[in-house]
Amino acid sequence: MPHDHHDHLSPSGHPYRPDDDQPLSYWQTLEIAVRELLVEKGITTPADIAVQIDAMDARNPAMGAKVVARYWTDADFAAALIEDAARATREMGFDIGPLKLIALPNTATLHNIVVCTLCSCYPRNLLGLPPDWYKSRAYRSRTVREPRKVLAEFGVTLPDNTEVRVHDSTADMRYIVIPNRPGGTDGWDAAALADLVTRDSMIGTGLPRTP
Amino acid sequence: MTNASFDGRRWHDMGGDIAGPVPTDQHDFSLWEKRVDALMVLCSGKGLFTVDGLRRVLEDMGEDSFETMTYYERWIASVNQNLIEAGAYTTAELATKMAQVQARGTTYGEASDAAR
């Protein structure tokens, strides 16, 4: 029945996790109980929780794409981003939080890729929540062992003379890859360039779209 | 007593291990998962615990929980443990509240609705 699975896909094309219409799980019960206790104790409010969910939902890779496109088009900003990516992106208006953020520019001979071997540290304030694969055992284990094989699984094959540099995130230090600007984009403005920047290109598991 | 199989790394320190293909499945976060994420951010922002506290409990839960529980299932377990340690509420209060929640209904939607 080829159409059946479409019923379980969200507008973004991904399956939903079982939610409101599924039998209540133990861990969902715990979430409800913890949340209500925190409200009853005056530690937080339903409004604060809703605001925080909205703020996290609003974070997405388009924010990172704006940073990359500005790096490509604004030399002063590019220098500031390399100097202190947290400060430079804060000055663009992004809520980066207290974490240290490091920008990793690719070059013709260098490709950067980011992992968190110990857990799931990710530049969530700039790119939104990490994709499921970023948190998987396979990605965490193998990216530091055989990055070219991992890249190949994502469809990225690099020349042998391109250095692959793997960066292991920590709880306090996050990375964003600055991919190479695609050819054929001379004269493009930052908004048009940002449309070429994919989430995976800022993690290092992908390349930007080409015009 | 020594453990001959312990190589100096705990289970979560998995960088460099041999593993299978990177999974490509993705899912959109459901409301209850987003609420867990929000509770972590709000409670750590109020100084009730730190990201290190979150990770300590996740790591102490062991490898079996990594394989059998989803990401935010593990997170709510850790958030809860940290909040009890911080004195936000007691285990007795939690037990009472859990029973109240379960009595409201059999789905997340029903049980989330405290007004019922």
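User: Which residue of chain B meets the side chain of Glu40(A) in a salt bridge?

Analyst: The model is predicted, so local features need pLDDT of at least 70 and side-chain atom pairs count only at pLDDT 80 or more, while totals for chains, interfaces and linings use all residues. Side-chain values use heavy atoms without hydrogens or water, residues are numbered from 1 along each chain as its sequence is written, and chains are lettered from A and ligands numbered from 1 in the order in which they are written. A salt bridge places a side-chain nitrogen of Lys or Arg within 4 Å of a carboxyl oxygen of Asp or Glu. At 2.4 Å, N to O, the partner of Glu40(A) is Lys97(B).

User: How many salt bridges does the rule find across the interface of chain B and chain A?

Analyst: The interface also holds 21 residue pairs in polar contact, both residues at pLDDT 80 or more. A polar contact is a pair of N or O atoms within 3.5 Å; within protein, one must be able to donate a hydrogen and the other to accept it, and residues adjacent in sequence count only if both atoms are side-chain atoms. The number of salt bridges is eight.

User: What area is buried between chain B and chain A?

Analyst: Contact (heavy atoms within 4.5 Å) takes 64 residues from chain B and 59 residues from chain A. Buried area is the accessible area (1.4 Å probe) that two parts lose on being put together, summed over both. Carbon and sulfur atoms give 63% of the total, which is about 5900 Å².

User: Which three residues supply 12% of the area that chain B buries against chain A?

Analyst: These three supply more of that area than any other three residues. They are Val22(B), Gln26(B) and Tyr108(B).

User: How many of the 15 residues of α1(A) are buried?

Analyst: Helices (H or I, at least four residues) and strands (E, at least two) are DSSP runs, numbered from the N terminus. Buried means under 20% relative accessible area, with exposed over 50% and partly exposed in between (1.4 Å probe, protein chains only). The buried residues of α1(A) pack against α2 (46-58) of chain A together with α1, α4, α5 and α6 of chain B. The helix is mostly covered, and its buried residues number eleven.

User: How far apart are the end C-alpha atoms of helix α1 of chain A?

Analyst: The expected span of a helix is 1.5 Å times one less than its number of residues. The 15 residues (26-40) should therefore span 21 Å, and the end C-alpha atoms agree, being apart by 21 Å.
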